[in-house]
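Here are a few exercises to work through with the structure open. Try each task yourself, then check the steps below it.

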Amino acid sequence: MTAVVVLLVVVAAALITGTVLRGRAGKVRTVAAAPAPGPGPLLAAVGVGTGGAPVVLHFSADWCGPCAAVRRVVAQVVADLAATGDGLPAPRDLELDIDENPQLARKLGVLSLPTTFLFDAAGTERYRVSGVPTAADLRAALVPLRTPEPPIRRDVG
C-alpha cells in the first residue's frame with residue numbers, strides 16, 4: 001500500500017511540474033532583475049548594442065527542431081516591423097549557434113533551446129523567451145523597444 005501512495009505522489013508531482021513548464025514555454029517574460037547598463041564585452045562582440053536598434057538574439061543548434069520555428073517567427077516579425085515605414089529603427093535578427101558560443105550562452109543563463117532574448121538599442125536585456133514565441137507576443141514586446149528614448153530634462157533651478 002505504501003508503494004502505491006508513493007507512486008501516486010510521484011505521478012502528481014510530475015504532472016504539476018510538467019504543467020508549470022508547459023505554461024511558461026513560448027511566453028515573453030520581462031527580465032525581473034535590474035538590468036546592467038549596456039552590453040558586456042561578449043554581447044558587444046556579436047553586435048548587441050552597437051547598431052542603434054533593438055536586437056532579437058536567439059540561440060539555436062543544428063540538432064534543435066523547434067529552433068527552425070523560432071527562426072521563421074523572428075524573421076517574419078522583423079520583416080513586418082522593417083516594412084512599416086514609420087522611420088523607427090527596424091530590429092536586428094541575430095541567431096547564434098549554442099555549440100559555437102557556449103561562453104555567451106552560459107553568461108546569459110541559457111538552459112534550453114530555443115531561447116530568445118530581446119535587447120534594446122543600448123544593449124540592455126529587456127525580455128527573454130524560452131521555447132517558440134508567437135508572432136503577436138514578439139511584436140508586442142519589440143514595438144516599445146523601437147521608440148526613441150525621450151530626451152533627458154535638465155531643469156535649471
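**Exercise 1.** Find out which backbone oxygen lies 2.5 Å from a polar side-chain atom of T115.

*Solution.* Go to T115, which sits in strand β4 (residues 115-119); strands here are DSSP runs of E with at least two residues, helices are runs of H or I with at least four, and both are numbered from the N terminus. From its side chain, look for the backbone oxygen: it belongs to S112.

Before going on, a word on the model: it is predicted, with local features needing pLDDT of at least 70 and side-chain atom pairs pLDDT 80 or more, while totals for chains, interfaces and linings use all residues. Residues are numbered from 1 along each chain as its sequence is written, and side-chain values use heavy atoms, leaving out hydrogens and water.

**Exercise 2.** Decide whether T115 is buried or exposed, and list what it touches.

*Solution.* Start with the relative accessible area of T115: at 2%, T115 is buried (buried is under 20%, exposed over 50%, partly exposed in between, with a 1.4 Å probe and protein chains only). Next, leave out residues up to four places away in sequence; T115 then touches L57, H58, F59, V110, V129 and S130, where contact means heavy atoms within 4.5 Å.

**Exercise 3.** Work out which residues join helix α3 to helix α5.

*Solution.* Locate α3 (residues 66-82) and α5 (residues 135-146). On the α3 side, pick out V73, V74, Q76, V77, D80 and L81; on the α5 side, A135, L138, R139, L142, V143 and R146.

**Exercise 4.** Say how many helices and strands the chain has, and in what pattern.

*Solution.* Count five helices and five strands in the protein chain. Then read along the sequence to get α-β-α-β-α-β-α-β-β-α.

Methods:
Axes are lines fitted to C-alpha atoms, for helices over the stretch in contact, and angles run from 0 to 180 degrees between N-to-C directions. A polar contact is a pair of N or O atoms within 3.5 Å; within protein, one must be able to donate a hydrogen and the other to accept it, and residues adjacent in sequence count only if both atoms are side-chain atoms.
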